[in-house]
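Let's take a walk through a protein model and see what can be read from its atoms. Have the sequence and the 3D view ready before we start.

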Amino acid sequence: MTGTLAAAHVAPHLRGRFGKPYLYEPECESTQLLLLGSGLPEGAAAAADHQTGGKGRHGRQWMAPAGTSVLVSVMLHPPADRHLPELSLVAALAAAEAIEGATGLTAQIKWPNDVMLNRRKVGGILCELSDATVVCGIGINVNQTRDELPLDAPTEPGSLRTLTGATYDRAVLLGSLLFRLERIYDGWRHGGLSDLYGEIGARDFLRGRHVTIDGNEAVASMIRPDGRLEVWTGNGHGETRVVESGEVLFFR
Ligand code: BTN
């Protein structure tokens, strides 16, 4: 295990209101469960060095050996009238920026919730709604070796270590992630996704790629300023479709 996400290690790297309070368990089922229904204030964060039942999207598991990853959930209290799926992009942008700060490489966002580095998935976002609050879970593969990454993931996984050859202090990365999430989330609260669109659009991984969306072939056009994905369908008539949600797989 490289370092730990215990409070004593992370506290020196917390610079804003996100991460306060900070809940830490060496091992738990899922950090999401530490916050769901907890009534904690916005910015409360729960982290663990190991999850025994880490949750991914589409009912999948999120698995990582103990002490290799950033595994964190953050409590958000978004305004009631907002389009909440946008929060996946808000969190993905924060994770991309934190990864860029650590590695010096450009990270990308694969709509709607994946963070990509050098065409490998290094991070994922799971936002769950409960009692008008959102628990935003972020997993980043940091120090896994190649054989510690899942074999059966739909998008080929990587870790910061497999892609750069270096290992990283997870507590520093988590502090940076929470600080960036706070700033980007505040921007979203204030001005919506359109205020962040330049940063999201510049990191749009799928733009121009051949994809399948829930099994249907298309070419991804772009993440729209409203957070939905625009695609051209492959029916020869140049038809444009706008996709609200779904599982997107891409061809290399
Ligand atoms: C995905 O890409 O499928 C989303 C993965 C989200 C994983 C994170 S790790 C921290 C938090 N706790 C969980 O159980 N899941 C999220």
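Let's begin with a proline: P112 is found in the loop between strand 4 and strand 5. The peptide bond that joins W111 and P112 is cis, with omega at about 0°. Keep in mind that this is a predicted model, and that goes for everything below.

There's another bond of this kind to look up. K20 and P21 are also joined by a cis peptide bond, with omega at about 0°, and P21 is found in the loop between helix 1 (7-10) and strand 1. As background, most peptide bonds are trans, and most residues other than glycine have a negative phi.

How are strand 4 and strand 5 (residues 114-117) joined? They run antiparallel, with 3 bridges between them. Within this pair, K110 stands opposite D114 in strand 5. In general, strands of a sheet pair through backbone hydrogen bonds, and they can do so parallel or antiparallel.

Zoom out, and you'll find an open sheet of 7 strands in the order 1-2-3-7-6-5-4, with mixed pairing. Strand 1 (22-28) and strand 4 (108-110) stand at the edges; each has a single partner strand, so one side of each has no neighbour in the sheet. On average, neighbouring strands of this sheet are turned by 20° against each other, direction ignored.

Which helix lies across this sheet's strand 3 (69-76)? It's helix 5 (residues 170-191), running at about 30° to strand 3. Helix 5 also lies across strand 1, strand 2 (45-51) and strand 7 (133-141).

Helix 5 leads us on to the aromatic rings. How many aromatic pairs turn up in a search of the whole structure? There are 3. One of them is F18 with Y185, a tilted pair with 6.0 Å from centre to centre and 45° between the planes. F18 lies in the loop between helix 1 and strand 1, while Y185 is in helix 5, so this pair ties together parts that are 167 residues apart in sequence. Are these two buried or exposed? F18 counts as buried at 1% relative accessibility, and Y185 is buried as well, at 0%. Together with W188, F18 and Y185 form one aromatic cluster.

Elsewhere, F205 and F250 have ring centres 4.9 Å apart and planes at 75°, so the pair is edge-to-face. F205 lies in the loop between helix 6 (197-201) and strand 8, and F250 in strand 12 (residues 248-250), so here the parts tied together are 45 residues apart in sequence. F205 is buried, with a relative accessible area of 2%, and F250 is buried with 18%.

The charged end of R209 sits over the ring of F205, 3.9 Å from its centre. Likewise, the charged end of R15 sits over the ring of F179, and there the distance to the ring centre is 4.0 Å.

Definitions and conventions:
Residues are numbered from 1 along each chain as its sequence is written. This is a predicted model: local features need pLDDT of at least 70, side-chain atom pairs count only at pLDDT 80 or more; totals for chains, interfaces and linings use all residues. Side-chain values use heavy atoms; hydrogens and water are left out. Two strands pair if DSSP finds at least two bridges between them. Helices (H or I, at least four residues) and strands (E, at least two) are DSSP runs, numbered from the N terminus. Axes are lines fitted to C-alpha atoms, for helices over the stretch in contact, and angles run from 0 to 180 degrees between N-to-C directions. Contact means heavy atoms within 4.5 Å. Rings of Phe, Tyr and Trp (its six-membered ring) pair if their centres lie within 6.5 Å; planes under 30 degrees apart count as stacked, over 60 as edge-to-face and the rest as tilted. Buried means under 20% relative accessible area, exposed over 50%, partly exposed in between (1.4 Å probe, protein chains only). A charge sits over a ring if NZ of Lys or CZ of Arg is within 6 Å of the ring centre and within 35 degrees of the ring normal.
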